[in-house]
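Look at the sequence and the model below before reading on. The paragraphs that follow go from one residue to the whole chain, and then to a few local features.

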Amino acid sequence: MKDEYMAMAEMLIAKRECEEAGKKLPPIRAERAITESNDLPSLPPEIIEGIIRKGGKLLVAGASKAGKSYLLIELAIAVATGGWWLDFRCAKGRVLYVNLEIQKPQFMHRVYNVAKAVGVSRTTVHENMMVANLRGKYSDITSLVDDLINSYEPGVFDLVIIDPAYKVQ
């Protein structure tokens, strides 16, 4: 994961530097498909069994007021405790929840209420789930990712949730 994290950081920095200098990014390089099992790379560990692996991306979309934030809070709690999310087993890990929309007091009440409702150890949630309440502070993904990369060591979190995604497109 550290290598993927650093590669993403380097790509974003290179992109920004190219844009600032008015240059184009290097061309995309394709490689041949792997057809021999001995040549296959190892897979990153699963975060949500059968759904997403460490370093992967998942987008939750839906209508306004459909409950997306509650769904993502449930996911964060499931990973923080090694529990279940939508009938899928989650690996226990450290979670960073980037809250870009809900006021801090309201968001913290939601986390408390969801943890209580699903009956998990609130101590484990407290230990493994960090919340960055950034309402009104970011409008583009590049700035947010740059600041996250500068704020945390690679590999500190197993899952980073950015909610809602539309706030930083």
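Is Lys-65 buried or exposed? The model is a predicted one, and in it Lys-65 has a relative accessible area of 82%. A residue counts as exposed when this value is over 50%, so Lys-65 is exposed. Lys-65 sits in the loop that joins strand S2 (52-53) to helix H2 (68-81). Its backbone has a positive phi of about 65°, although Lys-65 is not a glycine.

Now take the chain as a whole. It has 169 residues, and 31% of them count as buried. Five helices and seven strands make up its elements. Read from the N terminus, their order is α-β-β-α-β-β-β-α-α-β-α-β. Along the principal axes, the C-alpha atoms fill a box of roughly 50 × 45 × 30 Å.

Leu-86 is another residue that has a positive phi without being a glycine; the angle is about 50°. Where is Leu-86 found? Its place is the loop between strand S3 (84-85) and strand S4 (88-89). The relative accessibility of Leu-86 is 47%. Partly exposed covers the range between under 20% (buried) and over 50% (exposed), so Leu-86 counts as partly exposed. Leu-86 also belongs to a nonpolar patch on the surface, together with Ile-51, Leu-58 and Phe-88. These four residues have about 340 Å² of accessible area together.

The next feature is a pocket. The second largest pocket has a volume of about 220 Å³. Which elements each supply at least two residues of its lining? They are helix H3 (104-118), helix H4 (122-128) and strand S6 (129-133). Helix H3 gives the most, with four residues.

The last stop is a peptide bond. Which form does the bond from Asp-163 to Pro-164 take, cis or trans? The bond is cis, with omega near -5°. Pro-164 is found in the segment after strand S7 (159-163).

How values were computed:
Residues numbered from 1 in each chain as written. Predicted model: local features only at pLDDT ≥ 70, side-chain atom pairs only at ≥ 80, totals over all residues. Heavy atoms only, no water. Patch = residues over 30% accessible without salt bridge, like charges linked within 9 Å, V, L, I, M, F, W, Y side chains within 5 Å. Areas by Shrake-Rupley, 256 points an atom, 1.4 Å probe, with all protein chains shown as cover. Salt bridge = Lys/Arg side-chain N within 4 Å of Asp/Glu carboxyl O. 1 Å grid on protein atoms, 1.4 Å probe; cavity = no way out; pocket = protein on both sides within 12 Å on 5 of 7 lines; lining within 4 Å. Points joined across faces, edges and corners; volume = space filled by probe spheres on them. Buried < 20%, exposed > 50% of the residue type's maximum accessible area, 1.4 Å probe, protein only.
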